[in-house]
Amino acid sequence: QEGADPAMEIDIVNPESVSVETPDGGVIIDFDPSGMMPGSTDHNANLADEMDDSELHGIASELVGAYEADRESRGDWEETYIKGLDLLGLKNEDRTQPWDGACGVFHPVLTEAVVRFQAQSIQEIFPASGPVKTAVVGGITRDKEKQAERVRDYLNYLLTEKMTEYRGETEKMLFSLPLAGSAFRKVYYDPNMGRPCSMFVPAEDFVVSYGASDLVTCERATHVMKRTSNEVRKLQVSGFYSDIELSDPTPDTGEIERKYNELTGDSSNYEFDNRHTILEVQAELDLVGFEDEENGEPTGIALPYVVSIDKSSRKILSIRRNWYEDDPVRMKREHFVHYQYLPGLGFYGFGLIHMIGGLAKSATSVLRQLVDAGTLSNLPGGLKSRGLRIKGDDTPIMPGEFR
């Protein structure tokens, strides 16, 4: 119309941010559409901060129940491992049968094999020049050789100087590996330390789904961690965990941990044990609001996530995507390395407890019989009586004792 303001043209870069909602045909322009669109958050963000409490509670209950089922499914493996730890002879056994002070030594065949494997392996894995060696793949040039030398020198400096826990954790892993048959190493970046870390994870603290064959194809894997209240609070302040209130931790000691405490002479203190049991579950989930889509339609495909749960309160501390942002197929990222002493029939490998546990038990029995036989030969015992009357006396006669 005459006298009206000239028409104003606006180029809309993202048409999805414009919606007609007013009755008179007006428009609402959102200048931050990424904050309103589901699934468009930062790739490395903690998705638990953006989900409803009811959804988080359902996910936590489902994953904790699945973890308990996975742990029960390997109950026979745990029982065999616990019985095998006695054969190491780390704790003296005071026997009262067949008499007080009978021989209670253990044959060192199992312990000797474990120590020999650990000593030989650490020399190969951790030589004096450093654990890292490099090799050039393809055509060899002087520039590639120099680059390989720089990579080797930096990684050796990182593992021997900066990552101070690497040597000790490797020693622990090489002791546990031949016994249990499986051991794990977790490689991750620690925001508190500001550097990469490589930690040993024993087989009893790493539970996989029933029927899994390897880490790549397993449906679910759970790393059981113990964190003090202060450590959890540090991760909450740094933004790695959700800043939610957790109840006081409930002591959670498994059968294998109790066996470790018995062998080392430790005892748990329930009054001052303020450690939280954190379940870090790698699972495939189809989260509401973050579905996998193809041509704008949900596909129903579950995507890989890492979910951290406080076991005692069953509260989710974090949910993070477990694939690289630029990966079109969204393959699961691997944070763990699985070492097997002898590949077995299932997920966990065979160790010396499974291979020579029966031999070690028989050798211990034979050794004790030989010592007891020598004791009886040197110090015989017996009865001296003119009119022998014994009624209900089954007390064994000790060597050198004449009644």
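This is a predicted model: local features need pLDDT of at least 70, side-chain atom pairs count only at pLDDT 80 or more; totals for chains, interfaces and linings use all residues.
Aromatic rings first: I count rings of Phe, Tyr and Trp (its six-membered ring) as a pair if their centres lie within 6.5 Å, with planes under 30 degrees apart called stacked, over 60 edge-to-face and the rest tilted. On that basis Trp77, Tyr81, Phe184, Phe206, Phe336, Phe347 and Tyr348 form one aromatic cluster.

Residues are numbered from 1 along each chain as its sequence is written, and side-chain values use heavy atoms, with hydrogens and water left out.

**Entry: ring pairs**

I searched the whole structure and got 10 aromatic pairs. I looked at Phe184 and Phe347: their ring centres are 6.1 Å apart and the planes sit at 10°, so I log the pair as stacked. Phe184 is in strand E3 (residues 182-190) and Phe347 is in the loop between strand E12 (336-340) and helix H8 (352-378), so the pair ties together parts 163 residues apart in sequence. My helices (H or I, at least four residues) and strands (E, at least two) are DSSP runs, numbered from the N terminus. Phe184 and Phe347 are both buried (under 20% relative accessible area; exposed is over 50%, partly exposed in between; 1.4 Å probe, protein chains only).

**Entry: Glu204**

I found Glu204 in the loop between strand E4 (195-202) and strand E5 (206-208). What does a buried Glu204 have for its charge? Arg74 is the nearest side chain of opposite charge, but at 6.5 Å away, and Glu204 has no salt bridge (a side-chain nitrogen of Lys or Arg within 4 Å of a carboxyl oxygen of Asp or Glu). For charges, I count Lys and Arg as positive and Asp and Glu as negative, leaving out His and the chain ends.

I see Lys186 over the face of Tyr188, 5.3 Å from the ring centre (my test: NZ of Lys or CZ of Arg within 6 Å of the ring centre and within 35 degrees of the ring normal). Arg167 does likewise with Phe126, its charged end 4.8 Å from the centre of the ring. Glu280 is in strand E7 (residues 275-285) and, at 12% relative accessibility, is buried.
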